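Hello,

Here is the structure I promised to pass on to you. Have a look at it first, and then read my notes below.

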Amino acid sequence: MLGTTLGGRYHILQSLGGGGFARTYLAEDRQLPDRHQCVVKQLKPHATNPTTLQIARRLFETEAQVLYRLGYHEQIPQLFAFFEEDQEFYLVQEFIEGHDLSQELIPAFSIPSTQPPQQPSIHSSVTQVIPNPLKGRFNEAETIILLQDILKILDFVHKQNVIHRDISPKNLIRRKKDNQLVLIDFGAVKQITTQMLNSPGQSCLSVGIGTPGYMPSEQARGNPKPSSDVYAVGMIGIQALTGIAPHQLPSDPDTEEMIWQNQAIVSPEFAEVINKMVRYDFRQRYSSATEALEAIKSLNQPTMATIPAIPLWLRPLKIQPSKPKIYGIILSILGLIGLGTGTGIYLWQSLQSSNAIGLHHQGNTLYRLNRYPEALKRYDQALNLMPTYKEAWKDKGQILYQLEQYSQAQEAYDKAIQIDPNYTEAWIGRGKVLNALQNYPDALTAFEQAIKQNPDAIDAGLGKGNVLLSFKRYEEAIQAYKEVLDRFPSSFEALYKTGKAYHDLEDYEQAFKAYDQAVEVKINDPNAWYNRGNVLMQMKRYGDALESYDKAVRFNPNFYQAWYSRGNALLKKDKEKEAIESFRQAVKIQPNYYQAWYSLGWSLHQLQRYEEAITAYNKALEINKNDHLMWYNIGNSLYNLGRYQEAIASYDEAIYQNTNHAESWYSRGNAFVNLNQYPEAISSYQKALQYRPDYREATQAKQQAEKQLQELNTSPNSTSETGG
């Protein structure tokens, strides 16, 4: 198929996958000046008798019309053409460059996507040295945004009276050019293929189309509904919040409902919405994407406490301080010595103000000494004496922010702003707190209010950029940081975060320039050196990357991610022995660092130190037993040690984790050959070829095994047993 031209214009460049009676290819349109790339889906009927072909042709044309209509949405691939050629049917659709959502829904310890160790991500950059136990999970705000993005597309689909039937992370592509999600691979095409496989008149309703884990029970029985799609979106939400794949989650044995909330940090309101999306009984779910989307949107309705524009809470405070009996006694004394009542009150207020200022200064001193609880106590004492003391409210908010008591910190900043709506520092503090609470829209408004009041407030400009970065609005974030740099050219944070934004945009040249400027300003910052190394790795400048990682671990010897990445750079320089020491340092600092154990095992494997490699791989398995590549590489090490039966057991586990991993089937066959078990070997090679038809080595090995089996069977001394 590769190299052929279909329909007189679509030249096939490479296979994108598939199997059985449907395959997908990347092609170029040779009738367009720029040879525009597209996707060609080939559907091959099981039978070619006239009746079957006529049914297939009718189904194909009907579903093609549906796909064409759906393609008007900017987040659904366009259908460019559909045609029949040599009794086979073809769909030509828009090619979406990007990565699928499954690459974002990684577990707490991510798994390398290929046999060699994983390189630093091209989609993100690490900015924290401290390990994050929730890495791989989305927080609630991010999950809400994700579900809204998916449901908005699905809402359009349902309004066209179409059910997708196979919503899963693999069928949601994060488009590279604008970072938007695109919904692909509609189940309608699978429905055509299914009906093509059936005999004329046979119903296909017994066949469930979808992906296990995201497919509800009624869909598995072949009776999908719009709420079936809603179920799949809900399961994606659960996976995002928990970092756990749907098939690994338990269910209630009595109700069949999913048990997941104990694995996530989620508000009761959001949990209630998700639970309704994934009800076992479809009648208890939201009936369509429209209903689910409205429920999600209702979670984002602002309250009076979070409306950002000068709201009710900014009205001047009506302070009514308490008046203990001592107040009256002192005022009486002041009156008796001839002071007028007005003068007495003035002197008393002055005394209170002086005491409050003294307590506030004590609090500031304690704050600088990092004695936060004591500082907080002084601020509270100052505010008891003078409730309108805006600086004390602001500094109290700052202490509470440091203590990660964000809701209370927001209340303190709000008090300061109530007293003085033009208090820029309080607006900045409020923005930081809201950002920590992941309330990004209100945080952005707070920082913009601060910038409006004082364009030279550097923390306001940086805060705005940081919020936009969290929103993944990278170009706007870069502009915000540029505005800071126009005023403060040596701002380390603005330079560093500019690099991060370009890094996430995969513009590595610009990211490198920004990180390079950042380390010129602050030469001892390990994170800047680390991310500088990461972009140099993407630019294939491995020697320069190694120098950056050396600086990172020099300035922070416990930076285990930098030790790991340093090892990867050394591997690229074919320095396996040095890489091993770097990986050992990473796991010494962080014993639960899965990728470092994996890479250590891989490096030892390359040096043919197989026993040590197996030990390292087993350490990784203690952290994550579900990586098929780990089991595959353990099998390879055992194979090279001649322990073929153990190798087969490892290959079996790899296949259990990923059935279509052709390399595991192939290596399993090789192990059986070494045991002279040729029928089992041939069966394994056939499986490898089923999942990868162009696997030349498997084809040759299968032919050789068949030849050996034939010779064994025709040998005068052959027996019924082939094991050995």
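**The sheet around strand S6**

Ala81 sits across from Val92 in strand S6, where strands are DSSP runs of E with at least two residues, helices are DSSP runs of H or I with at least four, and both are numbered from the N terminus. Before going on, please note that this is a predicted model, in which local features need pLDDT of at least 70, side-chain atom pairs count only at pLDDT 80 or more, and totals for chains, interfaces and linings use all residues. Residues are numbered from 1 along each chain as its sequence is written, and side-chain values use heavy atoms, with hydrogens and water left out.

Strand S5 (residues 79–85) pairs with S6 in the antiparallel sense over six bridges; two strands count as paired if DSSP finds at least two bridges between them. The hairpin of S5 and S6 has two residues between the strands, and Asp86 takes a positive phi near 55° there. S4 and S6 also run antiparallel, joined by six bridges, and Gln42 is opposite Tyr90 in S6.

Is S6 buried or exposed? Seven of the seven residues of S6 (residues 88–94) are buried, so the strand is largely enclosed by the rest of the structure. Buried means under 20% relative accessible area, exposed means over 50%, and partly exposed is in between (1.4 Å probe, protein chains only).

**Lys41, a residue with an annotation**

UniProt, in an unreviewed entry, places the feature "binding site" at Lys41. UniProt positions are given in the numbering used here, feature names are shortened, and annotations may be inferred rather than shown by experiment. Lys41 belongs to strand S4 (residues 37–43) and counts as buried because its relative accessibility is 10%. Which residues does Lys41 touch, leaving aside its neighbours within four places in sequence? Lys41 is then in contact (heavy atoms within 4.5 Å) with Arg23, Thr24, Phe89, Tyr90, Leu91, Gln93 and Asp185.

**Helices and their packing**

In helix H6 (residues 268–277), the buried residues are Phe270, Ala271, Val273, Ile274, Asn275 and Met277. They pack against helix H2 (140–159), helix H5 (226–242) and helix H7 (289–298). Gln239 is part of H5, and its 9% relative accessibility is why Gln239 counts as buried. Setting aside neighbours within four places in sequence, the contacts of Gln239 include Leu105, Pro169 and Tyr214.

Further along, helix H10 (residues 372–385) holds Leu376, which is buried at 16% relative accessibility. Leu376 and Gln398 are 22 residues apart in sequence, with 9.7 Å between their C-alpha atoms.

**Cores and the whole chain**

A nonpolar core is a set of buried Ala, Val, Leu, Ile, Met, Phe, Trp, Tyr and Cys residues joined through side-chain atoms within 4.5 Å. The largest has 126 residues, and those touching the most other members are Tyr389, Leu600, Met630, Tyr666, Tyr685, Ala688 and Tyr695. Apart from that core lies another of 56 residues, among them Ala56, Phe89, Tyr231 and Ile274.

The chain has 29 helices and nine strands, and 49% of its 724 residues count as buried. Among contacts with a separation of 6 or more, 56% come from residues 24 or more positions apart.

Enjoy exploring!
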